[in-house]
Amino acid sequence: MKQAQKTQISKEKIITTAIAEFGTYGYAAASINRICQDGGISKGKLYHHFDGKAEIYMKAVAYCYQAFAAHMHGFTIDKSADFEQNLLSLYQLFRRFWEQNPEMLNLFVESRTLPPPELREEVMRVRTQFFNDAVKEKLREIVLFHFPKDEAKQQVLVALFFTAIDYITTSIGTPEIHPQSDLTGYIDAQNELFQTAIHIFLYGCLNS
């Protein structure tokens, strides 16, 4: 194995261990010592690859959002389904990602609701680059397919459903449930909120 490959594997091990650490404890309470211990990583190796806690945190956040964006690219429109069904199918991708990557979900929630103040702008930049763009791209595909000639409605629907998704996919939308304590309940609550949003927006906008 070449040195570049070994370096990449070492860095990814640190990042994936850090995802669990930051998602569980939050930025302030997260421990470099615990990351090293849990990942079987020497502190010297960690500091060889990263300057410190802030850089590791941002790399972990970016890793999660990049993985999510790649996952979302797997969505394809069902041309035999109606608009509501395609929206719900899109949202099912969220569910599968959360179920497959609960540690990433914890960090999604933590970085969205309680980011360290000094890193807030950088966190939002990363979120916009990967999460926002990936979700909006798929929403545009859906509304363009179902409403190809109505540009005004396309813009309104993309904006409305993205706002709903942005709200729902954090604990802002389900403050009484946290994924660390009840992953299934958290995901079910998200799905229920999104179905409610679909009904409100569909019958409030499409018939106007």
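**Exercise 1. Is cysteine 64 buried or exposed?**

Solution. In this predicted model, the relative accessibility of cysteine 64 comes to 2%. Buried means under 20% relative accessible area, and therefore cysteine 64 counts as buried.

**Exercise 2. Describe how helix H5 and helix H8 pack, and find which residues make the contact.**

Solution. Locate the two helices to start with: H5 covers residues 83–100, while H8 covers residues 151–168. Their axes are 13 Å apart and meet at an angle of about 35°, and the crossing of H5 and H8 is right-handed. On the side of H5, the contact is made by Phe83, Leu87, Tyr91 and Phe94, and on the side of H8 by Leu157, Phe161, Ile165 and Ile168. Sorting the residues of this contact by class gives 8 nonpolar residues, with no polar and no charged ones.

**Exercise 3. Classify the ring pair of phenylalanine 22 and tyrosine 27, and then that of phenylalanine 94 and tryptophan 98.**

Solution. The model has 23 aromatic pairs by the ring-centre rule, and two of them are treated here. For phenylalanine 22 and tyrosine 27, the ring centres are 6.0 Å apart and the planes stand at 15°. Planes under 30 degrees apart count as stacked, so this pair of phenylalanine 22 and tyrosine 27 is stacked. Both phenylalanine 22 and tyrosine 27 are buried.

For phenylalanine 94 and tryptophan 98, the centres lie 6.3 Å apart and the planes are at 65°. An angle over 60 degrees counts as edge-to-face, which is therefore the class of the pair of phenylalanine 94 and tryptophan 98.

**Exercise 4. Where do phenylalanine 94 and tryptophan 98 sit relative to one another along helix H5, and are they buried or exposed?**

Solution. Phenylalanine 94 and tryptophan 98 are 4 residues apart in helix H5, so about one helical turn separates them. Phenylalanine 94 has 0% relative accessibility and counts as buried, and tryptophan 98, with a relative accessible area of 0%, is buried as well.

Notes:
Residues numbered from 1 in each chain as written. Predicted model: local features only at pLDDT ≥ 70, side-chain atom pairs only at ≥ 80, totals over all residues. Heavy atoms only, no water. Axes fitted to C-alpha atoms, helices over the stretch in contact; angles between N-to-C directions. Left-handed = near helix turned anticlockwise from the far one by under 90°. Contact = heavy atoms within 4.5 Å. Nonpolar A, V, L, I, M, F, W, Y, C, P; charged D, E, K, R; others polar. Buried < 20%, exposed > 50% of the residue type's maximum accessible area, 1.4 Å probe, protein only. Phe/Tyr/Trp six-rings, centres within 6.5 Å; stacked < 30°, edge-to-face > 60°.
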